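Hi,

Here is the structure I promised to pass on. Have a look at it first, and my notes on what turned up are just below.

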Amino acid sequence: MREAYLDNAATMKKHLDAINSEADFYRKINANPLRGLYKKSVQATTGVNEAREAVLKLVHADKSYTVIFSRGTTEAINMVANGLLLRDDGFGVVNRDAKVVIDIESHHSNILPWKQRYSKVLISKDLNKDIRGAKVVSLTGVSNVTGQNFLKRIREVRRTLPKAILGVDGAQMVGHVDFDITRLGADFVAFSGHKFGAPMGIGGLVIKRELAEKLRPFNYGGEMVDAVSLDGEPTYSAIPERLEAGTLSVGAIFGLSAAIKVLDFDKNEHAERLAKMAATELRKIRGVKVLVSNGLIVTFQVKDVHPHDVAQILADDGVCVRAGYLCAQPYLEYKGWGPVVRASFSNYNDKSDVKALVKAVSKVRKKMGLE
Ligand code: PLP
């Protein structure tokens with residue numbers, strides 16, 4: 001059975017160059033970066049530095065930004081939320097009761113890292129009204145539920161609040177939208193490589209150096225200290241290493257560089273056309289409600305059928321979609337939608353994937369004995 005992979009917003013298929021680049025690192029280099037003085041260690045260090053440069057270039061960052069690697073967006077936002085909190089260890093910028101504002105469209109990964117650490121987190125349905133007095137604002141770049149792009153809104157928030165710490169959950173944006181972080185005025189953007197063809201387990205923060213200097217490290221250990229004594233305080237490494245304790249996912253970092261190299265924003269048009277086509281065709285099916293469709297995403301429900309049943313029936317026909325709350329339960333509840341089905345497209349999809357989706361969805365109600 002042919003597979004129609006339409007769960008690209010969850011994770012994209014990996015680009016062959018990225019897979020090969022990761023495998024080649026382990027085949028041919030396989031050394032720890034930074035500390036080794038032998039050739040392969042230097043090659044690993046060079047590769048990591050090149051990947052940092054590639055990420056900075058991808059988002060058009062100027063010299064005021066740096067890159068901190070993490071496992072992905074979730075870890076990156078946790079790194080900031082943890083790092084910003086003032087404690088008596090010399091790190092941090094804001095108190096636990098500082099006003100933190102996030103948008104209602106937020107993924108759980110932009111909700112829980114804040115909610116778990118700060119006492120005044122406002123999940124805003126109206127940013128214009130709610131951002132007044134905010135010390136930290138962390139916003140969705142592109143929604144994983146609606147596909148909506150919020151760049152304009154982020155710029156407006158920056159204009160209104162020039163002094164607040166402004167962050168962006170870029171999981172669905174970095175590698176998909178060609179944006180300029182410097183012009184956006186964001187203090188940090190979190191991203192996941194696996195959402196745009198790089199291996200899983202690598203992502204990070206593009207962050208203002210000045211802010212990164214103030215962050216408390218998320219992890220303590222090797223590679224992030226210069227000197228550790230029997231007693232007394234350690235002296236920490238400079239940024240970015242200070243915030244990257246332990247051995248990095250170096251193979252994945254090499255894969256990330258390769259994935260960035262082959263990115264082609266012009267090809268998005270093709271995937272967007274397919275999503276549009278899918279939305280149009282799904283709307284024609286009796287009992288199907290397309291709730292929203294933008295960019296690469298079509299979110300829908302089938303009348304009287306739980307989205308998990310829809311996804312299972314589609315899976316039986318080789319169509320891979322995501323169903324449920326899409327890790328954005330507050331938003332889906334706010335909209336009054338509850339759980340949904342999401343089809344999400346990428347450049348390698350084609351019309352036959354749309355056809356397979358539409359055909360499988362058109363059979364759902366009958367298979368459930370409703371027609
Ligand atoms: N934010 C958004 C908008 C997402 O779509 C996702 C992934 O689904 C995440 C955050 C979390 O990304 P990751 O699981 O790679 O950390």
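Strands β11 and β12 make a hairpin, with two residues between them. One turn residue to look at is Gly295, which has a positive phi of about 55°. Please keep in mind that this is a predicted model. The two strands, β11 (residues 288-294) and β12 (residues 297-302), run antiparallel and are joined by six bridges.

Now to the ligand. Which residues surround the ligand? They are Thr73, Thr74, His107, Ser109, Asn144, Asp169, Ala171, Gln172, Ser192, His194 and Lys195. By type, this shell splits into eight polar residues, two charged and one nonpolar.

- Lys195: an N or O atom of its side chain is 2.6 Å from a ligand oxygen.
- His107: here a side-chain N or O atom lies 3.3 Å from an oxygen of the ligand.
- Thr73: a polar backbone atom sits 3.4 Å from a ligand oxygen.

On its own the ligand has 400 Å² of accessible area, and the protein covers 85% of that.

Is Asp7 buried or exposed? Its relative accessibility is 13%, so Asp7 counts as buried, the cut-off being under 20%. Setting aside neighbours within four places in sequence, Asp7 contacts Cys320, Val321, Arg322, Arg342 and Ser344.

Happy to go through any of this with you.

Best wishes

Definitions and conventions. Residues are numbered from 1 along each chain as its sequence is written. This is a predicted model: local features need pLDDT of at least 70, side-chain atom pairs count only at pLDDT 80 or more; totals for chains, interfaces and linings use all residues. Side-chain values use heavy atoms; hydrogens and water are left out. Buried means under 20% relative accessible area, exposed over 50%, partly exposed in between (1.4 Å probe, protein chains only). Contact means heavy atoms within 4.5 Å. Two strands pair if DSSP finds at least two bridges between them. Helices (H or I, at least four residues) and strands (E, at least two) are DSSP runs, numbered from the N terminus. A residue is near a molecule or strand if one of its heavy atoms lies within 4 Å of it. A polar contact is a pair of N or O atoms within 3.5 Å; within protein, one must be able to donate a hydrogen and the other to accept it, and residues adjacent in sequence count only if both atoms are side-chain atoms. Accessible areas come from the Shrake-Rupley method with a 1.4 Å probe; for residues, only the protein chains shown count as cover. Ala, Val, Leu, Ile, Met, Phe, Trp, Tyr, Cys and Pro count as nonpolar, Asp, Glu, Lys and Arg as charged, and the others, Gly among them, as polar.
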